[in-house]
Amino acid sequence: MARLNGPVHWAHGISMGALRGALDGMGLRGPAASAAHFALLWSGDAALYRALGIADVPWRWGGDELATDVLHKGIYAAVTGAVYDALA
């Protein structure tokens, strides 16, 4: 299972990045698109963690674990949105 960690993270990250482009295709841009991207990214990750059996439901996570995950996904969504908007 450990050898799949890297490939699963990369595949999931790339597909979630592509989701930002799909939001633009639906007419959503700027901060609103980044907020929607964050919501989809975070809920998608939580569902993936559950499906893979590597995490419990988010409301059972510890405060530090939840804060770290939300922070990382927030940074991902903000940076992806800023770069996407700058390139568009």
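**Buried charges, a patch and a pocket**

Modeller: Asp69 and Lys73 are both buried. Buried means under 20% relative accessible area, exposed over 50%, and partly exposed in between, with a 1.4 Å probe and protein chains only. This is a predicted model: local features need pLDDT of at least 70, side-chain atom pairs count only at pLDDT 80 or more, and totals for chains, interfaces and linings use all residues. Residues are numbered from 1 along each chain as its sequence is written, and side-chain values use heavy atoms, with hydrogens and water left out.

Colleague: How far apart are the closest N and O atoms of Asp69 and Lys73?

Modeller: Side chains of opposite charge can pair when their charged atoms come close. Here a salt bridge is a side-chain nitrogen of Lys or Arg within 4 Å of a carboxyl oxygen of Asp or Glu. Asp69 and Lys73 meet that rule, with their closest N and O atoms at 2.5 Å.

Colleague: Which residues do salt bridges that share partners join into one network?

Modeller: Asp69 and Lys73 sit four residues apart in helix α3, about one turn of the helix. Shared partners make one network of Asp45, Asp69 and Lys73.

Colleague: In which helix does each partner of the Asp85 and Arg20 pair lie?

Modeller: Asp85 forms a salt bridge with Arg20, the closest N and O atoms being 2.8 Å apart. The pair links distant parts of the chain, 65 residues apart: Asp85 is in α3 and Arg20 is in α1. Helices (H or I, at least four residues) and strands (E, at least two) are DSSP runs numbered from the N terminus.

Colleague: Which residues does Arg20 contact beyond its neighbours within four places in sequence?

Modeller: Contact means heavy atoms within 4.5 Å. With those neighbours set aside, the partners of Arg20 are Leu28, Gly30, Ala33, Ser34, His37, Thr80, Gly81, Tyr84 and Asp85.

Colleague: Why does His37 count as buried?

Modeller: His37 is in helix α2, residues 30-52. Not counting residues up to four places away, His37 touches Met16, Gly17, Leu19, Arg20, Leu23, Tyr76, Ala77 and Thr80. His37 counts as buried because its relative accessible area is 0%.

Colleague: In the Asp24 and Arg29 salt bridge, which residue counts as exposed?

Modeller: The closest N and O atoms of this pair are 2.8 Å apart. Asp24 has 17% relative accessibility, so Asp24 counts as buried. At 52%, the exposed residue is Arg29.

Colleague: How many salt bridges does the rule count?

Modeller: Two named pairs are Asp24 with Arg29 and Asp69 with Lys73. The count of salt bridges is six.

Colleague: How far apart in space are Leu28 and Asp45, C-alpha to C-alpha?

Modeller: Leu28 lies in the loop between α1 and α2. Leu28 is partly exposed, because its relative accessibility is 29%. Leu28 and Asp45 are 17 residues apart in sequence, and their C-alpha to C-alpha separation in space is 21 Å.

Colleague: Which residues make the nonpolar surface patch of about 500 Å²?

Modeller: Patches take residues with over 30% relative accessible area and no salt bridge; like charges are joined within 9 Å, and nonpolar side chains (Val, Leu, Ile, Met, Phe, Trp, Tyr) within 5 Å. Areas come from the Shrake-Rupley method with a 1.4 Å probe, and for residues only the protein chains shown count as cover. Val79, in helix α3 (residues 63-87), is partly exposed because its relative accessibility is 47%. The patch is made by Leu71, Ile75, Val79, Val83 and Leu87.

Colleague: How much space lies in the largest pocket?

Modeller: On a 1 Å grid over the protein atoms alone, a pocket is an open set of points where a 1.4 Å probe fits, with protein on both sides within 12 Å along at least five of seven lines; lining residues have an atom within 4 Å of a point. Points are joined across faces, edges and corners, and the volume is the space filled by probe spheres set on them. For the largest pocket this comes to about 340 Å³.

Colleague: Which of the lining residues are closest to the centre of the largest pocket?

Modeller: The lining has 18 residues. Closest to the centre are Asn5, Val8, His9, Leu48 and Tyr49.

Colleague: Which helix supplies the largest share of the lining of the largest pocket?

Modeller: α1 (5-25), α2 and α3 each supply at least two residues. The largest share, six residues, comes from α1.
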